[in-house]
Amino acid sequence: MANNTKDFVVEQLKKQIDNFKSESEEKTFGQVIQVGDGIARVSGLSSAMMSEMLEFKTTSGSIFGVALNLDEDSVGAVLLGEIGDLKEGDEVVALKRILEVPVGENVTGRVLNPLGQPLDGKEEVKTKTFYPVEKIAPGVITRESVSQPVQTGIKAIDAMIPVGRGQRELIIGDRQTGKTAIAIDTIINQKGQNMKCIYVAIGQKESKVAGLVAKLEESGAMEYTTVIVAGASDPAPLLYFAPYAGTAMAEYFLDKGEDVLVVYDDLSKHAVAYREVSLLLRRPPGREAYPGDVFYLHSRLLERSCKLNPDFGGGSITSLPIIETQAGDVAAYIPTNVISITDGQIYLEPDLFYQGQRPAVNAGLSVSRVGSSAQIKAMKKVAGKMRLEAAQYRELAAFAQFGSDLDEDTRGKLERGKRLMEILKQDQYNPMDVAEQVSVYFSLIKGYMDNVPVDKISEFEAGLREYLVDTADKVLDKIRKTGQLGEEIEKELEKAINDYKDTLDYLQAEKSVE
Amino acid sequence: MKVTPKQYAQALLDVVAGKGEVEVLEVVKDFAKLLKKNNQAAQLEKILYYFTRLHDKQTGIVQSKVITAKALDEELMAEVTNYLNGIEKGEKVEVSFNVNKKILGGLVVKYGDRILDNSLKTRLNQLKTSLLK
């Protein structure tokens with residue numbers, strides 16, 4: 001028997017080697033004229049293609065690069081990785097392949113660099129499929145308008161600024177206002193929502209990324225998430241390719257008809273990296289020294305997010321690009337560009353953040369151009385009223401600071417507004433289910449919270465959620481399954497809320513509100 | 001205005017064109033003087049590089065390099081040269097033969113800026129990657 005297996009192994013190996021056909025292709029080669037700052041100029045390479053991969057042969061092994069400038073008698077290339085001992089006169093071979101990354105099921109749960117190489121200490125990504133990093137976005141015929149929601153699990157966003165599958169929603173704000181937190185919470189909340197996630201970290205500190213990965217692992221989100229890291233210490237070309245590589249991996253799932261969420265954190269650093277590459281390649285600088293095609297840089301990336309119609313698989317790529325502003329200046333070059341490309345923005349304000357309103361979403365300046373078509377019916381029903389109340393409160397709050405003798409109606413609205421603001425607060429890493437969100441908003445707009453003291457609102461809310469999950473799970477299930485908030489469900493919900501309120505001892509007497 | 005090495009090379013080529021050996025010697029002397037005067041003598045290597053390239057282009061000469069692990073015998077050399085001459089009509093091929101033990105076996109042919117790598121080393125590498133897949 002042992003002899004048999006030995007023969008079998010030998011036989012198989014022979015077969016494998018017999019099947020191997022070595023093909024020596026004719027390739028073009030050239031010589032390095034100049035190297036420095038991660039850029040090389042190469043002579044020869046007469047038939048090099050745009051963004052073709054180049055192999056630089058040095059004495060201590062090969063370095064890879066990409067052709068980005070095709071001139072009359074030389075090629076400008078960026079190096080992907082350290083320069084090492086590359087020197088003038090070294091041989092360069094064009095590999096006849098456009099820059100591509102490994103894609104497939106195997107990339108989920110991994111931490112990779114923009115070239116698909118592992119950064120998590122695990123084995124290489126084993127896959128036979130490669131997708132080009134740059135790809136033309138899906139055309140008009142293949143698309144469909146956004147209709148399904150992405151449940152971010154963040155109350156302020158799901159109610160007021162709904163995001164749909166296939167939408168591009170910008171998260172914009174100063175440093176330290178919780179931009180990444182929103183993106184990470186959204187990824188955590190995608191568990192069981194049939195959504196693959198890709199988080200692209202561009203120019204982030206490695207320590208921050210390590211913390212995020214640990215958090216995602218802890219909450220079980222790495223099962224459906226890929227993290228692509230081009231860290232602050234990586235050369236600029238890698239930062240430049242990172243979001244495109246992430247989108248290429250997303251497109252694999254799109255082509256299979258699945259839904260994908262991609263987070264680009266952040267595109268300001270991406271633009272800076274591209275500026276560096278462009279200036280070194282001696283492309284003419286424009287406003288703020290960015291090259292003339294920064295707009296195209298981001299528009300071609302974000303156009304690849306889409307919702308395909310069922311004839312083309314029905315998949316979607318939702319993207320959440322992040323932009324960091326300097327001192328709240330949303331009118332700078334890159335922020336205005338990206339605002340105009342995306343389908344809406346979530347604006348985070350430092351003032352709100354310091355006041356303790358977290359997430360610090362400014363409901364007035366944030367919009368979602370897709371609107372309520374990306375909400376389930378139940379949410380639509382309660383959120384419309386809420387948005388109105390929030391707007392009224394904002395208007396009145398400024399005005400009410402001057403005097404205390406307000407009429408009853410105004411005072412009622414102010415009190416309601418205070419409770420609304422309190423409800424929009426939410427802890428980090430604590431995303432909330434849609435049905436629970438709907439019930440909380442429902443109890444607010446129906447006035448069930450009017451006699452709860454403002455400082456007890458969060459306690460009330462937490463208690464209500466717990467109570468509903470324990471005793472009225474059927475109602476929540478109905479909302480989840482049907483997506484509706486019919487009269488029958490409303491009645492059941494009202495009853496549950498009233499039952500819950502009977503167990504509380506901190507309610508104000510009904511009249512104190514007046 | 002700064003004169004680039006390529007412009008020097010083009011100028012030299014234009015002046016030399018159609019001249020006899022004695023005249024050419026004169027031209028080269030003057031050219032060297034000019035380079036010294038312009039403090040451009042350090043560029044000589046680049047100028048020569050462009051000069052050979054421009055000259056080859058004008059006269060239809062293609063540089064070709066054949067690398068093998070062992071020195072080829074006359075017969076094989078003639079065969080390779082014949083093959084290279086047949087690639088494109090109207091071009092004269094200048095073949096140089098080199099020996100590099102690192103490629104283990106087979107041969108690598110460079111022709112203009114094209115390369116045909118048929119060395120044993122590359123084929124073994126290809127086999128390795130295809131087996132690992």
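Reader: Which side chain does A:D71 meet in a salt bridge?

Author: This is a predicted model, in which local features need pLDDT of at least 70 and side-chain atom pairs count only at pLDDT 80 or more, while totals for chains, interfaces and linings use all residues; side-chain values use heavy atoms, with hydrogens and water left out. Residues are numbered from 1 along each chain as its sequence is written, with chains lettered from A and ligands numbered from 1 in the order in which they are written. A salt bridge is a side-chain nitrogen of Lys or Arg within 4 Å of a carboxyl oxygen of Asp or Glu, and at 2.6 Å, N to O, the partner of A:D71 is A:R41.

Reader: How many residues apart in sequence are the parts that this pair ties together?

Author: Helices (H or I, at least four residues) and strands (E, at least two) are DSSP runs, numbered from the N terminus. A:D71 lies in the loop between β4 (61-70) and β5 (74-80) of chain A, whereas A:R41 belongs to strand β2 of chain A, so the pair links parts whose separation in sequence is 30 residues.

Reader: How many salt bridges does the rule find across the interface of chain A and chain B?

Author: Over all chains the structure holds 38 salt bridges. One that joins the two chains is formed by the side chains of B:K110 and A:E91, at 2.4 Å, N to O. Across the interface of chain A and chain B, the rule gives a count of three.

Reader: What area do chain A and chain B bury between them?

Author: With contact taken as heavy atoms within 4.5 Å, 21 residues of chain A and 17 residues of chain B take part. Buried area is the accessible area (1.4 Å probe) that two parts lose on being put together, summed over both. Carbon and sulfur atoms account for 53% of the buried area, which comes to about 1,800 Å².

Reader: Which strand of chain B pairs with β1(A)?

Author: Two strands pair if DSSP finds at least two bridges between them. Here the pairing with β1(A) is antiparallel over three bridges, and A:K27 stands opposite B:I115. The partner is strand β4 (residues 114-119) of chain B.

Reader: Within chain A, which residue is the bridge partner of A:G30 in β6(A)?

Author: Three bridges join β1(A) to β6(A) in the antiparallel sense. β6(A) also pairs antiparallel with strand β3 (residues 52-58) of chain A, over five bridges, where A:E52 stands opposite A:I98. For A:G30, the bridge partner in β6(A) is A:V92.

Reader: Which residue in the turn of the hairpin of β3(B) and β4(B) has a positive phi?

Author: β3(B) and β4(B) pair in the antiparallel sense over six bridges, with B:V108 opposite B:D117. β3(B), residues 106-111, also pairs antiparallel with strand β1 (residues 61-68) of chain B over five bridges. Two residues lie between the hairpin strands, and the one with a positive phi, of about 60 degrees, is B:G112.

Reader: Which strands stand at the edges of the eight-stranded open sheet of chain A?

Author: The order of this mixed sheet is β8-β14-β13-β15-β16-β12-β17-β18. Two strands each have a single partner, so one side of each is left without a neighbour in the sheet, and these are β8 (111-112) and β18 (367-368) of chain A.
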